[in-house]
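Dear colleague,

I am handing over the structure we spoke about, together with a short account of what was found in it. Please keep it open beside this message while you read.

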Amino acid sequence: MCLTGPTAAGKSAAALAIAARWPIEIVNVDSATIYRGMDIGTAKPDAAERAAVPQHLLDIKDPSESFSAGQFRAAALALIAGIRARGRTPLLAGGTMMYFKALRDGLDTLPPADPRLRAELDAQAARLGWPALHARLAEVDPPTAARLSPNDSQRIQRALEIHALTGRPMSALLTRDAARPDDTPDPGDPHDARGPGGRSPRYVDISLEPSDRAALHARIGRRFDAMLDAGLLEEVRRLYERGDLHPGLPSIRCVGYRQAWAHLAGETSHAAMREQAIAATRQLAKRQLTWLRALPARRVVDCLAGDAAARVVDLAAAVLEPAGRS
């Protein structure tokens, strides 16, 4: 069973409400909470929440390291199998939609990262700005550029990198999943979990989504202010002062961290940092909701409702109690 939704939708509280009723283990589907020392800005579960229910894929990487969608998929499928073997139910909870897609659909064959090329693109972006590189991407890969924000540096860089390495647009390479039905085995993939009869695991989606986008935006602003009050800048300062980290790393590119990093580097004022971080988080929420709308079978709960967690539990009961497992 999957519990998803945009940032600040209340997924953690809903997951804990499910855990209070059934023997679940949470597999975190989040590309930021994997990093050690990044707790406040990722809204990582605290010690009490971790004690309440087993949680996986937290604090598994140093911020200097990367963690690809393929690595997530392999780890998540192994965890799902282990949780089921223990007679418990895996709950995949989070908002990194790329990870959910990799888990469901498998992975396209794309070239690995090229550090030298990425450094060149970062240098060009520093000189010209990411919107200029987005315009370049629009010339060579219009479909990919159309779905990316002009400031979505990580994805713009990856799309340009793939085009430079292969001579083909990324949108043309992302065809394997569309051609392969979800329950068609992936030959040679040792992590391709299969249910009875060789079919793929059945994923049931419960999605926390706002009935009022403006209200979610206000919640995002309040949450970021709470993070600042809790010491976010001090947390980022510890990373900044390590000396081995830089803005090109996936960890430092996380929303909130990259804006705080720029502020500590003297590039922005505190007020501008706050404004930019909140705007970037709202853009993230928009992308997440766009992805979710492509899942017509999802069961939607209004994340702004006062009883949102209870509604999620009711939907989970309809899934878990008749069948016993998702």
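Six strands make up an open sheet with parallel pairing, in the order 3-2-4-1-5-6, where strands (E, at least two residues) and helices (H or I, at least four) are DSSP runs numbered from the N terminus, and two strands pair if DSSP finds at least two bridges between them. Strand 3 and strand 6 (299–302) are the edge strands, each pairing on one side only.

Before going further, please note that this is a predicted model, in which local features need pLDDT of at least 70 and side-chain atom pairs count only at pLDDT 80 or more, while totals for chains, interfaces and linings use all residues. Residues are numbered from 1 along each chain as its sequence is written, and side-chain values use heavy atoms, with hydrogens and water left out.

The protein has 15 helices and six strands, and buried residues account for 47% of its 326 residues; buried means under 20% relative accessible area, exposed over 50% and partly exposed in between, with a 1.4 Å probe and protein chains only. Of the contacts (heavy atoms within 4.5 Å) between residues at least 6 apart in sequence, 72% join residues at least 24 apart.

Within the sheet, strand 5 (residues 205–209) pairs in the parallel sense with strand 6 over four bridges and with strand 1 (residues 2–4) over three bridges. On the strand 6 side, Glu-209 stands opposite Asp-302 and Leu-208 has Val-301 as its bridge partner, whereas Asp-205 stands opposite Cys-2. Strand 5 is largely enclosed by the rest of the structure, because five of its five residues are buried. In a regular strand the side chains alternate between the two faces of the sheet. Here Asp-205, Ser-207 and Glu-209 point one way from strand 5, and Ile-206 and Leu-208 point the other way.

Leaving aside neighbours within four places in sequence, the residues in contact with His-56 include Glu-25, Val-27, Leu-79 and Arg-86.

Asp-114 sits in the loop between helix 4 (97–105) and helix 5, and is partly exposed, with a relative accessible area of 23%. Its side chain reaches the backbone nitrogen of Arg-116 at 3.1 Å. Not counting residues up to four places away in sequence, Asp-114 touches Glu-161 and Leu-165; Asp-114 and Glu-161 are 47 residues apart in sequence, yet 7.6 Å apart in space, C-alpha to C-alpha.

Finally, the second largest pocket holds about 820 Å³ of space. A pocket is an open set of points on a 1 Å grid over the protein atoms alone, where a 1.4 Å probe fits, with protein on both sides within 12 Å along at least five of seven lines, and lining residues have an atom within 4 Å of a point; the volume is the space filled by probe spheres set on the points, which are joined across faces, edges and corners. Of its 23 lining residues, Trp-130, Asn-151, Ser-153, Arg-258 and Gln-259 are the closest to its centre.

With best regards

Conventions
A polar contact is a pair of N or O atoms within 3.5 Å; within protein, one must be able to donate a hydrogen and the other to accept it, and residues adjacent in sequence count only if both atoms are side-chain atoms.
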